[in-house]
Amino acid sequence: MIGELDGVGGVGALLARALDLPEDAAEADVLANRLAAPPRGRVVVRVGASDGTGVAFASISDADPRLGHVELLAVLPEARRRGVGAALLRAAEERLAALGATRVRLGGNPPCYAWPGIDVRYTPAVCLARRAGYKVTDTAWNMTADLTRLNQPTEARPGETRPDETQPGKTRSDETRLDESRLEGQGVKVLPAGPDAAPWVRSIWGDGWAWEVEQSLGRDGAGCYVAVRDGEILGFAAYGANRPSWFGPMGTAPAAEGLGVGRVLLRRCLADQHSLGLRSAQIGWAGPIGFYSKAVAARVERVFWIYTKDL
Ligand SMILES: CC(C)(COP(=O)(O)OP(=O)(O)OC[C@H]1O[C@@H](n2cnc3c(N)ncnc32)[C@H](O)[C@@H]1OP(=O)(O)O)[C@@H](O)C(=O)NCCC(=O)NCCS
C-alpha cells in the first residue's frame with residue numbers, strides 16, 4: 001500500500017540503507033532535510049510504502065507548472081523486485097498529473113534538488129525508468145575537486161606559457177595569491193557575500209541561482225564570495241546551498257569575463273570547504289568542464305541521465 005507521508009521523519013534512516021552509492025547514503029539526512037525545505041512556488045509530493053520499505057519525493061513548480069519532477073525514489077534492499085519501486089513511481093506520477101503535470105522528469109528540480117538525474121551507476125533505477133516508459137532526454141555531470149590537492153604543485157602542460165610559469169615550487173595557492181594580487185592591481189577585491197549578492201545574481205541569472213545564494217549565506221557548511229570593483233559586483237561563487245559537499249553555482253558578469261575572477265572565487269570556496277573538513281567537493285550539475293579542469297584539476301566523475309515521459 002502506498003500513501004502520503006506526513007513529513008520526512010525516518011526518511012533519512014531509510015535512505016541511508018536504500019541508496020546504494022556510499023556517498024549518497026552518507027548524506028541521507030541532509031538530502032531528506034534539504035528536499036523538505038524547498039523554495040516558494042513549489043508543491044512537494046511525498047509518498048511512501050505503508051510498511052516503511054520505500055519512499056518517493058516529487059515536486060512541481062510555478063516556473064513550469066506542466067512539468068513534474070520525481071526527484072527521489074528508493075526502496076530498501078530486502079524489499080526490492082516486488083513492485084514497490086514501480087508502485088511508488090506510479091503514485092508520484094498520478095499525484096503530479098492531478099497537480100497539472102503533463103510531463104514527468106526523473107531528475108532534480110533546480111535550484112533545490114538531490115541530483116540532476118539518475119546516476120548512471122544506479123542500474124536498477126535505470127532499468128525501472130526504461131520499463132516505466134521514460135526516455136533519456138538530457139545528460140548532466142558533476143565534477144569532483146580533490147581538496148587535499150589544492151596546495152600541490154600544478155603541472156604545466158608541455159609548451160604551455162603562463163605568466164607565472166617561471167616561479168619555482170609554484171602551487172595552486174601560490175597561483176591563487178598571484179591571481180588575487182593581479183585582480184587587486186585592477187581594483188578588484190574578493191569578499192564574503194552580503195545581502196546585495198542575491199538580488200544581483202537574480203538580475204542576471206534569475207530566481208534559481210539567487211535562491212541558492214540566499215541558502216549559502218549564514219548557514220553552517222555553506223558560503224558565498226563576490227568579486228567587487230568600485231562597489232560593483234563582478235562575479236560570485238557559492239557552496240553548500242544544497243549540501244555542504246557541493247560547490248555552485250558561480251557566475252561572472254559578461255562584462256567582467258576574462259579578468260580571472262571566476263577561478264579566484266572558485267578556489268576561495270573550495271578552500272573553505274577543505275577547512276570545514278571535506279576531502280573532496282562535488283561541482284554540482286557542472287557546466288564548463290575545461291574551466292574546472294584547468295582551475296582546480298577537477299574531473300568528471302558522476303554522470304546522470306535525465307529521463308522524461310509524457311503522461
Ligand atoms: C530503483 C529502485 C527504487 C527499484 O525498486 P524496486 O522496488 O526493486 O523496483 P520494482 O520491483 O518495482 O521493479 C520495477 C521494474 O524495474 C526494473 N528493475 C528494478 N530493479 C531491477 C534490477 N535490479 N535489474 C533489472 N531490472 C530491474 C524491472 O523492469 C522491474 O520490473 P520487473 O521486475 O517486472 O521486470 C531500487 O532498486 C532502489 O531503491 N535503488 C537504489 C536507489 C536508487 O537508485 N534510486 C534512484 C535514484 S533517485
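## Domain arrangement

In this predicted model, the centres of domain 1 and domain 2, taken over C-alpha atoms, are separated by 31 Å. Domain 1 covers residues 2-133 and domain 2 covers residues 145-302.

Domain 1 gives 10 residues to the contact between the two, and domain 2 gives 8 residues. On the side of domain 1 that touches domain 2, 7 residues are nonpolar and 3 are charged, with no polar residues.

## Ligand shell

There are 21 residues around the ligand, and those that come nearest are Arg80, Gly85, Ala86, Pro124 and Cys127. Two or more residues of the shell are given by each of strand 4 (67-75), helix 4 (84-98) and helix 5 (123-131). Helix 5 supplies the largest share, 5 residues.

By class, the shell around the ligand holds 14 nonpolar, 5 charged and 2 polar residues.

## Packing of helix 1 and helix 3

Two packed helices are described by the angle between their axes and the distance between the axes. For helix 1 (residues 11-18) and helix 3 (residues 28-35), the angle is about 130 degrees and the axes lie 8 Å apart. Helix 1 is therefore oblique to helix 3, since the angle falls between the 65 to 115 range that counts as roughly perpendicular and the values over 145 that count as roughly antiparallel. The crossing of the two helices is right-handed.

In this contact, Val11, Gly12, Leu15 and Ala16 of helix 1 meet Ala28, Asp29, Leu31 and Ala32 of helix 3. The residues of the contact comprise 6 nonpolar, 1 polar and 1 charged.

Terms used. Residues are numbered from 1 along each chain as its sequence is written. This is a predicted model: local features need pLDDT of at least 70, side-chain atom pairs count only at pLDDT 80 or more; totals for chains, interfaces and linings use all residues. A residue is near a molecule or strand if its C-beta atom, placed from the backbone, lies within 6 Å of it. Helices (H or I, at least four residues) and strands (E, at least two) are DSSP runs, numbered from the N terminus. Ala, Val, Leu, Ile, Met, Phe, Trp, Tyr, Cys and Pro count as nonpolar, Asp, Glu, Lys and Arg as charged, and the others, Gly among them, as polar. Axes are lines fitted to C-alpha atoms, for helices over the stretch in contact, and angles run from 0 to 180 degrees between N-to-C directions. Angles under 35 degrees count as roughly parallel, over 145 as roughly antiparallel, 65 to 115 as roughly perpendicular and the rest as oblique. A crossing is left-handed if the near helix is turned anticlockwise from the far one by less than a right angle, and right-handed if clockwise. Two residues are in contact if their C-beta atoms, placed from the backbone, lie within 7 Å. Domain bounds come from an automatic or database domain assignment.
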